[in-house]
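Please keep the structure in view while reading.

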Amino acid sequence: MSIEPRNTYEPNPVLRALYARFFDRIQVDEAWVKTVRELSSKGTVVYVLRNLNPVDVLALDHLTRRYGLPEVRFANDLRMGILDPTGKGLLDGIFPGPRRRQSDDLRDAIENGSSATLCLKRPPGMLDVAAGASGGRGLKEGDELIETLINIQRRRDTPVLLVPQVIIWSNRPDTRGTNPLDWFLGPREWPSSIRTIGQFLYNYKHVALRAGEPLDLKEFLEKTDAMTPAERVRRVTYALLRRLERERRSVTGPAGKPPDRIRHEIVRSPKLRSQIADLAGDRPEDQSVLMGRALGMLREMQAAPNAATIKALELMMDRVFHRIYRGIDYPQQDIERLRSAAKEGAIILLPSHKSHIDYLLLSYVFQQEQLPLPHVAAGDNLSFFPLGSVFRRGGAFFIRRSFKGDPLYGVVVDAYIRRLIRDGFPLEFFLEGGRSRTGKLLPPKFGLLKMVIDAALGVPHKRVYFVPISIGYERVVESGSYTHELAGGEKAREDAAGLVKSASVLQHRYGRINLQVGHIMTLDDIRDELGLEPGEISENERRALVTKLGNRVMDEINRVAAVTPGALTALAALSHSRRGLPHEELLERCQRLLETLRGMHARISDATATSAGKLRPEAMREAAQMFVDAEMMEAHAPADTAESLARRRRGTISAGPGAIYTIPPGKRLALDTSKNIIVHFFVERALVAIAMTVPPGPTVGRQTVRDRVYKLSRLFKFEFRFHADASFDEIFENTLETMRTAGEVEQVGDHLDAGPGREGWSGREWLETYASILRNFVEGYRVAARGLGALVKGPVSEKDLVKKALAVGNRMFLAGEIERNESVSKPIIANAYLSLKDQGYLHDVDGKVELAESFRTQQAVRAIEGRIAGYLDADVRAP
C-alpha cells in the first residue's frame with residue numbers, strides 16, 4: 001500500500017529532473033513512512049545506510065522530503081558536486097573554502113534540528129581487492145562519525161535514533177565467491193556506484209525500501225557505561241550492520257552457490273557419509289558407487305534458480321494471471337507476518353493444493369512483494385521436457401512420489417532438505433501430497449514433513465517457522481479434467497502434449513485467487529502443546545510432533561480459507577432444492593449464508609462483502625456470469641419481459657437481475673469443487689440438521705439427535721476434518737448452543753425442535769438448508785453401500801469396486817433414487833469404503849476387498865445401505 005507524498009521543498013533543476021524521471025516512480029510502503037514519522041516525534045532521526053553509495057543517498061533524500069519526513073542535511077563523503085542533495089556541492093564549487101571535518105558538519109546538522117545520513121561502509125574497488133581487501137566485505141567508513149553521534153548524545157536528553165535503511169534495487173541473491181565482473185563492478189553484496197546505477201536503471205520501478213529496528217543511543221549509553229569509546233563504536237557498528245543485513249536478507253534471501261558446488265558439499269557432509277557407510281555395510285568398495293548414485297540423485301532432484309529464468313517467469317505469469325484471473329487477493333498484514341518470520345529464520349510454506357497454478361503462485365506473490373523466493377518441492381512427474389528445466393530454474397526441486405525400495409534416495413532427500421533449511425532458504429511443499437480434485441483438503445501426508453522436522457531438529461541454532469497457507473480459487477483451471485477423474489476417468493499423464501492442450505485455459509476467465517496465511521508455528525509451540533521437555537526427544541515423541549504439527553497446519557488452512565464470491569455462489573446454488581434459482585433469490589441466499597459465516601469468524605474476502613458485512617451484489621453477479629460462461633450454470637429469462645426479449649435478440653442471456661439459473665446435471669460435479677472450498681464451515685451444523693430432519697423430522701429427542709450425529713461423524717471420519725483438540729461431546733454441545741443462540745433450533749424439555757429462525761428464514765428452513773449442503777455426501781455413501789453387492793460373490797480389488805459403485809450410482813441417479821449427480825464421485829465413494837472398513841463391514845485380503853463374514857449376503861448389504869438411506873427419507877429397493 002502506498003500513500004500520497006507531501007512536497008516540502010524544490011530541489012535544484014538537475015536533481016528535480018532526475019527525481020521526476022526515476023525516483024518519483026518508487027512506491028513506498030505506508031508502514032515505512034509511519035515508522036520514520038513516529039520515531040522523529042521521539043527524537044532526532046539519523047538514517048543509516050550500509051553502503052556509501054550516491055544513488056541510495058539521492059533516493060533517501062528524495063523520499064524523506066517527498067513524504068514530509070526529517071530532511072537530510074548531511075551525508076558523509078559523497079563528493080557529488082551539483083548532485084549533492086544537501087545543497088553544498090554547488091556552493092562549494094562556486095565558493096571554495098577550507099575543507100571542514102565531516103564530524104563538524106554532522107554535529108552542525110544535528111544541533112540545528114536537521115537529520116543526517118550515515119553510510120557505514122565503502123564498497124571495495126578493484127584496487128582495494130588487488131591490495132588484499134575482501135570482495136565480500138565493505139571498508140570502514142563511518143566509525144568516526146558514530147563516535148561523534150555518541151558524543152552528541154552525551155550532551156543532550158533527547159534521544160538520537162539510528163534508523164537502518166535498506167534500499168534494494170535488485171532482489172537477486174548474493175553469490176559466494178568473486179567472479180571477474182565483481183572486480184570491476186563490486187559484488188552484489190557490496191556494489192560499486194556503477195553497479196548500483198545499473199541495477200537502479202534496470203529495476204527502479206520495483207525498488208524495495210525497508211526500515212530496520214532502530215537503535216536508541218540514549219538507551220545504549222545507559223547500558224554500556226563500563227565500555228571504552230572504541231568498544232562502544234564497534235558495538236554500535238556491529239548492531240547496525242546486523243540489523244541492516246537482516247532486513248536485506250529478508251528480500252534477497254541467502255547467498256547462492258553453483259549447483260555442482262552444492263551437490264559436492266552435500267555428499268561430503270559427515271551425516272550423509274555416515275549413512276552411506278551404513279548402507280554399504282561390510283563392503284567399503286560400495287561406498288564410492290553409492291556416492292556416485294547420490295550425486296546423480298541430487299542432479300535429478302536439485303533446484304537451480306536462475307535470475308533470468310525467474311524474471312522471464314515473472315513476466316509470463318504477470319500476463320497469464322491478469323488474462324485469466326480478475327486478481328490475486330491477500331491481506332497485506334499476512335505479507336508482513338511472513339516478512340517478520342523470514343528475518344528471524346527459515347520459513348516452511350505449507351499451502352493447500354488444488355491446482356498446478358499453486359506451484360507458481362506463491363513464487364509470483366513473493367516476487368511482487370520483494371520476499372525471497374521459495375524452493376518448491378514438486379513431484380517428478382512434472383520434470384518432463386520442456387517445463388521441467390524451466391521449473392528447476394524457477395526454484396522447483398523434484399522428488400519421487402514414493403521412496404520404497406531405495407533407502408539411499410530417502411537419505412539423499414533428507415540431506416538436501418537439511419541443507420536448504422540450514423542455509424535459510426524458504427521451502428514450499430504441499431502437505432496433501434497431490435492436488436485435491438474436490439476442493440476439500442486431502443488428509444495430510446507426513447513423509448516429507450517428517451524429513452523437514454528431522455532437519456529442523458538437526459539445526460537447533462536455526463529458528464524454523466511453519467506457515468499454513470490457504471489458496472482459494474473461484475474456479476480451477478483443471479475443472480474439466482477434474483470432472484473427468486471424479487466421474488471415474490483415469491488421470492492423464494503430464495507431458496508436452498498436455499501443455500499444448502492446456503493453452504486453451506487462456507480463452508476463459510477463472511475469477512479471483514485468494515491467499516490467506518494462518519497462524520505461523522514453530523516446533524517449540526507444538527512441543528509445548530504436547531508437553532515435551534526441551535532437548536532430545538524419543539522416536540515416539542518425534543512421531544507425535546509430526547502428527548500434531550501436520551494436523552494443526554491442516555486445521556489452520558481450513559480456518560483461514562476465504563469466502564469468495566465464487567465459493568458462496570456455488571454453495572447457495574447447489575444447496576437450493578428447486579430446479580431454478582432466480583438471481584434475486586440467489587443474492588438473498590448468499591447474504592444469509594454470509595451472515596452465518598461471519599458469525600463463525602470466517603475470513604470474508606474484500607471482493608465478497610464490504611467491511612460492514614454487506615454482500616456486494618455485483619461481485620455475485622460476476623461470479624454467476626463466470627459459471628454461466630464456463631457452462632457450469634445456465635441463465636434463463638422469462639419470455640414476458642422486455643429485457644429478456646432484448647437478450648434473446650442479441651443471442652445471449654447474461655447473469656444478473658431477472659435471470660433464473662439452472663445447473664445442468666452433468667455440470668454439478670464441476671460446480672461442487674467451488675462449493676467445497678468453504679463446505680467445512682458448515683459440517684457440524686449440517687450433521688445436526690440431518691439428524692433432526694430424519695423423518696418424521698422435528699420434534700426429536702435430544703439424546704436421539706446426539707446419537708445420530710455421533711454415528712454420522714463416525715461415518716464421515718475420512719471425509720471431513722473434525723477438531724482434533726476437542727471431544728465429540730464438546731463439539732456437539734458447542735454446535736447445538738450456537739444453533740440455539742442463532743434461533744435455528746430450540747430445546748423443549750428433553751427434545752429439540754426447529755427454532756424461530758432468523759434473517760427471514762424459519763428454523764426449519766435453516767435446518768433444511770444445512771442438511772442440503774451435505775446431501776450429496778450422504779447420497780454418495782449410500783451409492784457406495786449399494787455397490788457392496790459386487791462383493792457378495794467374492795473379493796474384488798478396491799479400484800474395481802469403486803468403478804462398479806460409480807456405475808451403480810449413475811443408474812441410481814437416472815432412476816431417481818438419488819437427487820444429486822455430484823453424489824456419484826470417485827473420492828466420495830473411496831472415502832466411504834475407508835469408513836466401512838473402519839467400522840468392520842469390510843477388510844482387505846491379498847490386495848483385494850471383501851465383506852466381513854456376517855455381511856456376505858444381499859440382505860446384509862441392503863441393511864447397510866438402509867442405515868445410510870434412513871438419513872435421506874429414501875426407500876431401499878431390492879436389486
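## Packing of two helices

In this predicted model, helix H15 (residues 307-324) packs against helix H18 (residues 387-394) at an angle of about 105°, and their axes lie 8 Å apart. Angles of 65 to 115 degrees count as roughly perpendicular, and H15 and H18 are therefore roughly perpendicular to each other. On the H15 side, the contact is made by Thr-309, Ile-310 and Leu-313, while H18 contributes Val-390, Arg-393 and Gly-394. The residues of this contact of H15 with H18 divide into 3 nonpolar, 2 polar and 1 charged.

## The chain as a whole

The secondary structure of the protein chain comprises 37 helices and 25 strands. Of its 879 residues, 54% count as buried. The protein chain exposes about 39200 Å², of which carbon and sulfur atoms supply 52%. Among contacts in the protein chain with a separation of 6 or more, 76% are accounted for by residues 24 or more positions apart.

## Cysteines

A disulfide is a covalent bond between the sulfur atoms of two cysteines. How many disulfides does a search of the whole structure find? The search finds 0 disulfides. Two cysteines are listed below with their accessibility.

| Residue | Relative accessible area | Class |
|---|---|---|
| Cys-119 | 0% | buried |
| Cys-590 | 0% | buried |

Buried means under 20% relative accessible area, so Cys-119, at 0%, is placed in that class.

How values were computed
Residues numbered from 1 in each chain as written. Predicted model: local features only at pLDDT ≥ 70, side-chain atom pairs only at ≥ 80, totals over all residues. Heavy atoms only, no water. Disulfide = S-S within 2.5 Å. Buried < 20%, exposed > 50% of the residue type's maximum accessible area, 1.4 Å probe, protein only. Helix = DSSP H or I, 4+ residues; strand = E, 2+ residues; numbered from the N terminus. Contact = heavy atoms within 4.5 Å. Areas by Shrake-Rupley, 256 points an atom, 1.4 Å probe, with all protein chains shown as cover. Axes fitted to C-alpha atoms, helices over the stretch in contact; angles between N-to-C directions. Parallel < 35°, antiparallel > 145°, perpendicular 65-115°, else oblique. Nonpolar A, V, L, I, M, F, W, Y, C, P; charged D, E, K, R; others polar.
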